[in-house]
Amino acid sequence: MQTSVQSAVLVLEKLRPSPATLRAFGLLVVLLCVLFVASGQVSGHQILDNMRQAAPLGIITLGQALILMMGRLDLSVGATAGLANVVLAMTFAGNMDNMAYALSVTLGCGALVGVANGLLVVALRIPAFLATLATSLVLTGTTLVVTGGSPRGSIPAEFRVITEGWFLGVLPYSVILWLAAIAGLTTLVHFTMPGRRMLLAGANARAARLNGIAAGRMIVISFVLSSLAATIGGILLSAITGMASIGIADAYTVDSIAAAVIGGAVFGGGVFLAAGVSIGALILFFVQSLLYVVSLPPATRFIVQGGIIVLALALANIRRKSD
Amino acid sequence: MTTALDNRSVPVLEASGISRAFGQNRVLRDVSFSIGRNEILALVGENGAGKSTLMNIISGGLPQDEGRLSLDGAEYAPASPLEAMRRGVAIAHQETAIIPDLTVAENIFFGREPRGPLGLIRQQALHRSCAGLLDDLGFSVSPKRLGSDLSAAELQMVEIARAMSLEPRVLVLDEPTASLSSKAAETVVDLMQRLKARGTSIVFISHRLGEIMDAADRAIVLKDGALTLDAAAGEFSRDDLIQAMVGRKLSNIFPERPSSFEDTAPAIRLQDAGNAELPPVSLSVRKGEVLGVAGLEGQGQHELAAALSGARPFRSGTVEIDGKPTNLSSVARAIALGVASIPDDRKRDGLALTLPVRTNMSLFAIGRESAFGLLPLATEKRFTEEARDRFAIKAASLEQPVGELSGGNQQKVVFARWLAHTPKILVLAEPTKGVDIETKSEIYRLVSELTGKGVAVILISSDLLELIGLSDRIVTVYERRISAEIARADFSEEHIMRCATRHADEPAEVVHA
């Protein structure tokens with residue numbers, strides 16, 4: 001009894017938001033205030049609706065954050081999400097009866113990309129950012145060659161309920177999926193032995209091996225999880241657009257890294273803040289809304305995005321220096 | 001006229017009263033010596049005796065705090081290695097800085113390549129002058145071979161050739177033979193003799209007493225930063241060198257050892273166990289016994305540790321633990337069998353430096369307690385707090401990245417992890433390398449406490465004092481084979497050093513009275 005209370009306290013301690021998460025949250029609040037002043041209207045419903053649309057980026061960012069925790073980068077998430085979009089539309093062929101087939105083929109392809117990334121890194125010892133860059137190029141090229149530049153098929157309207165529908169009219173399904181991904185990965189990393197082994201393998205694979213951890217396997221698994229997250233992001237994106245288009249998800253690679261860094265991920269690895277990086281993804285999304293509201297050209301988004309990354313990192317460094 | 005002059009009367013390089021300190025640590029104390037023309041001077045001393053510091057001062061890498069240098073009678077105070085080279089003093093470093101993707105010629109003339117009108121490197125001229133130099137040195141390697149293709153001996157030769165391309169009057173060689181087999185070392189010694197014949201003065205650092213006796217015209221010995229011997233060839237013996245190197249007192253930081261292990265059962269026994277890197281080795285360690293493994297750097301002791309840890313398993317022979325035949329086929333299996341291995345390079349092989357102390361420390365403690373793959377958070381908290389107190393680990397908090405701790409505290413974190421469960425066999429590789437004296441004595445106490453509980457310890461160390469103070473029995477390794485087994489009664493630094501520098505079948509030298 002006493003130990004279970006003690007465990008509960010420890011679990012809560014672990015779930016307490018980190019300073020980086022709180023900083024990201026503060027930034028988000030500031031952004032929402034600016035948005036409110038500029039547009040004169042910010043409602044809870046509106047925020048949830050934005051979250052609904054931000055869910056693909058949010059889930060992809062979770063995968064990227066996992067790879068960053070391993071001290072690596074995944075430059076193939078955009079191409080993987082794009083692959084998911086094309087494969088899903090092809091296999092669905094506009095018919096809801098194909099759902100099980102379409103989803104399993106799409107997720108299977110995603111998992112294969114992750115295995116390929118992982119093996120390139122572990123077996124061939126290619127630095128992760130180069131390995132995933134190569135994978136990304138191969139995927140983009142393959143998609144173009146196979147589809148001839150004009151992908152076939154479409155997403156049936158009934159399937160689009162996962163991004164358009166709201167659970168009991170209160171919470172969008174895609175947000176529920178996003179929250180589930182946050183919960184799942186948080187549990188894995190912070191509350192399970194495999195997660196701990198993954199963390200050690202990412203930080204020092206050699207030392208992990210000498211301590212009896214199957215470090216290579218852990219690294220491969222992390223890449224599979226990242227690619228699956230990218231695939232799920234691609235599936236949600238497909239549900240939003242309803243069709244397949246080439247290169248539709250390319251921006252996710254850079255956006256997911258930016259969102260993760262804004263949310264407290266560090267390039268040196270060792271840190272996984274699921275809530276923080278999700279807030280990071282939301283920030284990027286709201287920046288776009290804000291620019292739309294104040295009618296600046298969409299391309300200014302990049303300038304603002306760059307500024308926010310600098311701001312987030314500067315805040316983190318100023319704090320570190322004062323420690 | 002001048003040719004008739006005695007070598008000693010015209011020193012090329014003269015050092016007088018050289019002192020140097022790093023913070024509180026006095027590395028060199030009032031060192032004076034000189035090198036004559038056409039002379040090979042051997043510089044000998046234990047690890048940390050100050051040899052490399054002295055050579056760095058001579059070759060312009062470091063300034064001295066006190067004392068002066070002169071070159072050909074003129075004041076010599078090089079501000080940089082470049083200036084030292086211009087004055088005619090070149091150094092070939094111990095760890096060769098050969099770039100693997102460049103050719104031999106490009107490596108040798110790196111930064112001094114012959115240039116064409118557009119600043120482009122004239123490849124033909126480069127390779128031609130390199131071939132000339134190598135020919136001159138009597139060194140047969142193609143200038144066009146890549147650095148990555150060279151053997152250890154060839155790398156060392158290229159390093160020497162690079163220093164010689166500057167046509168120095170004084171050539172400093174920092175352990176040119178340390179990483180070489182005795183056969184390959186001979187070729188380097190031959191090269192030194194040829195250079196000497198051409199009029200170059202050579203200072204070389206070496207641990208191989210044999211080659212010092214063969215090649216040196218003069219030897220100087222450093223011990224704890226002070227000169228303890230300076231003698232011309234013929235005036236010193238191998239034993240004189242050893243005596244001058246290690247003659248100090250055992251300090252009293254070592255715990256008492258039990259007198260006999262006759263009645264205790266062996267915890268581990270190897271019978272002709274070996275693998276591709278390690279010729280068959282046989283040894284056994286009793287419960288509660290400390291077996292010391294002594295040897296110069298790179299004599300197979302680390303291959304032995306890697307095999308025992310399961311990282312590079314034994315492929316032949318037999319391994320018995322507690323009398324039962326078994327195998328250490330993987331790290332996980334070795335751990336399961338109760339073999340704990342503390343690595344010598346804790347930063348590379350032991351710790352995840354960016355992760356917190358807690359995460360680094362708790363791996364084995366929580367591994368066994370885990371149910372359904374969940375982290376036992378309560379166990380982790382209890383274990384890490386207890387371990388911090390037990391090992392007196394100084395950290396701001398358990399969440400501090402372990403890379404921010406001092407070397408001694410990092411080592412304690414590694415110990416805490418491996419000792420979460422009392423092992424049967426503890427393999428220690430250089431357990432006190434880079435740790436402060438206080439942590440050292442804590443580690444010694446810990447080893448004593450564990451052996452009291454019946455843990456068998458294999459202690460691999462390059463610190464003779466540590467081996468003598470802690471071991472119940474010592475084996476020496478030389479060229480990857482056990483060259484001698486020494487009982488506690490016969491421990492002496494001189495004897496161990498002698499056994500560690502010759503093969504088992506080489507006759508012992510007559511000890512000078």
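Predicted model: local features only at pLDDT ≥ 70, side-chain atom pairs only at ≥ 80, totals over all residues.
Are B:Phe364 and B:Trp418 buried or exposed?

**First stop: the aromatic pairs**

Over all chains, the structure holds three aromatic pairs. One of them is found by selecting A:Phe167 and A:Tyr173, whose ring centres lie 6.3 Å apart with their planes at 65 degrees, so that the pair is edge-to-face. Colouring by accessibility would show A:Phe167 as partly exposed, with a relative accessible area of 41%, and A:Tyr173 as partly exposed too, with a relative accessible area of 35%. Now return to B:Phe364 and B:Trp418, which form a tilted aromatic pair, at 4.7 Å centre to centre and with 55 degrees between the planes. This pair links distant parts of the chain, since B:Phe364 sits in helix 13 (residues 363-367) of chain B and B:Trp418 in helix 15 (residues 407-418) of chain B, 54 residues apart. As for the opening question, B:Phe364 is buried, and B:Trp418 is buried as well.

Select B:Val402 next, which lies in the loop between helix 14 (377-390) and helix 15 of chain B. B:Val402 is buried, its relative accessible area being 0%. When neighbours within four places in sequence are left aside, the residues in contact with B:Val402 include B:Leu351, B:Leu355, B:Pro356, B:Asn360 and B:Val413. B:Ala352 is also among these contacts, and a line drawn from C-alpha to C-alpha between B:Val402 and B:Ala352 spans 7.4 Å, although the two are 50 residues apart in sequence.

**Third stop: where the chains meet**

Show both chains together and look at the contact between them, to which chain B gives 29 residues and chain A gives 25 residues. Chain B and chain A bury about 2,200 Å² between them, with 66% of that area on carbon and sulfur atoms. On the side of chain B, select B:Leu363, B:Leu375 and B:Leu377, which supply 26% of the area that chain B buries against chain A, more than any other three residues. The two chains are also joined by two salt bridges; to see a salt bridge between A:Arg206 and B:Asp349, display both side chains and look for the closest N and O atoms, which are 2.4 Å apart.

Move to an open sheet of four strands in chain B, with the order 2-1-4-5 and antiparallel pairing. Its edge strands are strand 2 (25-36) and strand 5 (74-75) of chain B, each of which pairs on one side only. Strand 1 (residues 11-22) of chain B runs antiparallel to strand 2 of chain B, and eight bridges join them; for an example, select B:Leu13, whose bridge partner in strand 2 of chain B is B:Ile35.

**Last stop: two residues with positive phi**

The phi of B:Asn38 is near 55 degrees, a positive value in a residue other than glycine, and B:Asn38 counts as partly exposed at 30% relative accessibility. Finish at B:Arg480, in the loop between strand 19 (473-478) and strand 20 (481-487) of chain B. B:Arg480 is not a glycine, yet has a positive phi of about 70 degrees, and at 32% relative accessibility B:Arg480 counts as partly exposed.

Methods
Residues numbered from 1 in each chain as written. Chains lettered and ligands numbered in written order. Heavy atoms only, no water. Phe/Tyr/Trp six-rings, centres within 6.5 Å; stacked < 30°, edge-to-face > 60°. Buried < 20%, exposed > 50% of the residue type's maximum accessible area, 1.4 Å probe, protein only. Pairing = 2+ DSSP bridges. Contact = heavy atoms within 4.5 Å. Buried area = accessible area lost by both parts, 1.4 Å probe. Salt bridge = Lys/Arg side-chain N within 4 Å of Asp/Glu carboxyl O.
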